[in-house]
Amino acid sequence: MESLWSLFVIYVIASVVGALMRRSQTPARPRPEVDPEEILRRWAQMERPPQPVEEPEPAAAPIQVEPRVVLPEPEAAPPLPAAAGPSALPLGRRQLLRGVIWGEILRPPRALRRYRPFDW
């Protein structure tokens with residue numbers, strides 16, 4: 001019985017608020033009268049022939065770019081340091097965490113990737 005009374009009170013409050021909102025709405029503004037001759041006159045102004053365009057100045061001479069110098073490749077890659085444990089990692093824990101976060105940010109959006117329920 002108590003829920004019935006609470007529904008009734010909510011209905012009364014909603015009705016009062018709705019009536020107040022309907023009363024506070026401003027009436028629509030009257031539309032101005034449109035003169036057809038004024039519209040035709042404005043269209044005629046828009047259809048005027050285009051004015052002659054001034055010739056642009058000639059473009060500057062292209063910039064000469066020197067060819068890229070090709071360096072010879074080294075014969076062998078330098079040897080990588082042997083992993084001797086956690087201290088051999090050149091990145092700190094914080095830098096590694098930032099790298100993972102930026103990797104997530106810069107990867108393609110999930111909506112553009114193929115749906116796989118499990119990443120296997």
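Colleague: How many aromatic pairs does the structure hold?

Modeller: One. Phenylalanine 8 forms an aromatic pair with tryptophan 5. The ring centres are 6.2 Å apart, the planes are at 90°, and the pair is edge-to-face.

Colleague: Is tryptophan 5 buried or exposed?

Modeller: Exposed, with a relative accessible area of 53%. The cut-off for exposed is over 50%, so tryptophan 5 at 53% passes, while phenylalanine 8 at 48% is classed as partly exposed.

Colleague: What else can you tell me about H1?

Modeller: H1 has 23 residues. From first C-alpha to last it reaches 33 Å, close to the 33 Å expected at 1.5 Å a residue. H1 is hardly covered: one of its 23 residues is buried.

Colleague: Which residues make the nonpolar surface patch?

Modeller: Trp5, Phe8, Val9, Tyr11, Val12, Ile13, Val16, Val17, Leu20 and Met21. The patch is about 1,000 Å². Among them, valine 12 lies in helix H1 and is partly exposed at 35% relative accessibility.

Colleague: Switching to charges. How many salt bridges did the search find?

Modeller: Three in the whole structure. Glutamate 38 takes part in a salt bridge with arginine 41, with the closest N and O atoms 2.5 Å apart. Glutamate 38 also meets arginine 42 in a salt bridge, at 3.0 Å from N to O.

Colleague: And the remaining one? Which residue does arginine 107 pair with?

Modeller: Glutamate 104, with 3.4 Å between the closest N and O atoms. Salt bridges that share partners also join Glu38, Arg41 and Arg42 into one network.

Colleague: Where do glutamate 38 and arginine 41 lie?

Modeller: Both lie in helix H2, three residues apart, about one turn of the helix. Arginine 42 is in H2 as well, four residues from glutamate 38, so about one helical turn separates that pair too.

Colleague: How open are the side chains in that network?

Modeller: Glutamate 38 is partly exposed, with a relative accessible area of 25%. Buried means under 20%, so glutamate 38 at 25% does not count as buried. Arginine 41 is partly exposed at 41%. Arginine 42 is exposed at 51%.

Colleague: What about H3? How many residues does it have?

Modeller: H3 has 14 residues. It reaches 20 Å from its first C-alpha to its last, close to the 20 Å expected at 1.5 Å a residue. The number of buried residues in H3 is zero, so it lies largely in the open.

Colleague: Zoom out for me. How many helices and strands in the protein?

Modeller: Three helices and zero strands. Along the sequence the pattern is α-α-α.

Colleague: Last topic, confidence. What does the pLDDT average?

Modeller: The protein averages 77, and 82% of the residues score at least 70. Confidence is lowest in helix H2 (residues 36-46), at a mean of 82, and highest in helix H3 (residues 93-106), at 87.

Colleague: What should I do where pLDDT is low?

Modeller: There, the predicted coordinates should not be read in detail.

Conventions: Residues numbered from 1 in each chain as written. Predicted model: local features only at pLDDT ≥ 70, side-chain atom pairs only at ≥ 80, totals over all residues. Heavy atoms only, no water. pLDDT = per-residue confidence, 0-100. Helix = DSSP H or I, 4+ residues; strand = E, 2+ residues; numbered from the N terminus. Expected span 1.5 Å × (residues − 1). Buried < 20%, exposed > 50% of the residue type's maximum accessible area, 1.4 Å probe, protein only. Phe/Tyr/Trp six-rings, centres within 6.5 Å; stacked < 30°, edge-to-face > 60°. Salt bridge = Lys/Arg side-chain N within 4 Å of Asp/Glu carboxyl O. Patch = residues over 30% accessible without salt bridge, like charges linked within 9 Å, V, L, I, M, F, W, Y side chains within 5 Å. Areas by Shrake-Rupley, 256 points an atom, 1.4 Å probe, with all protein chains shown as cover.
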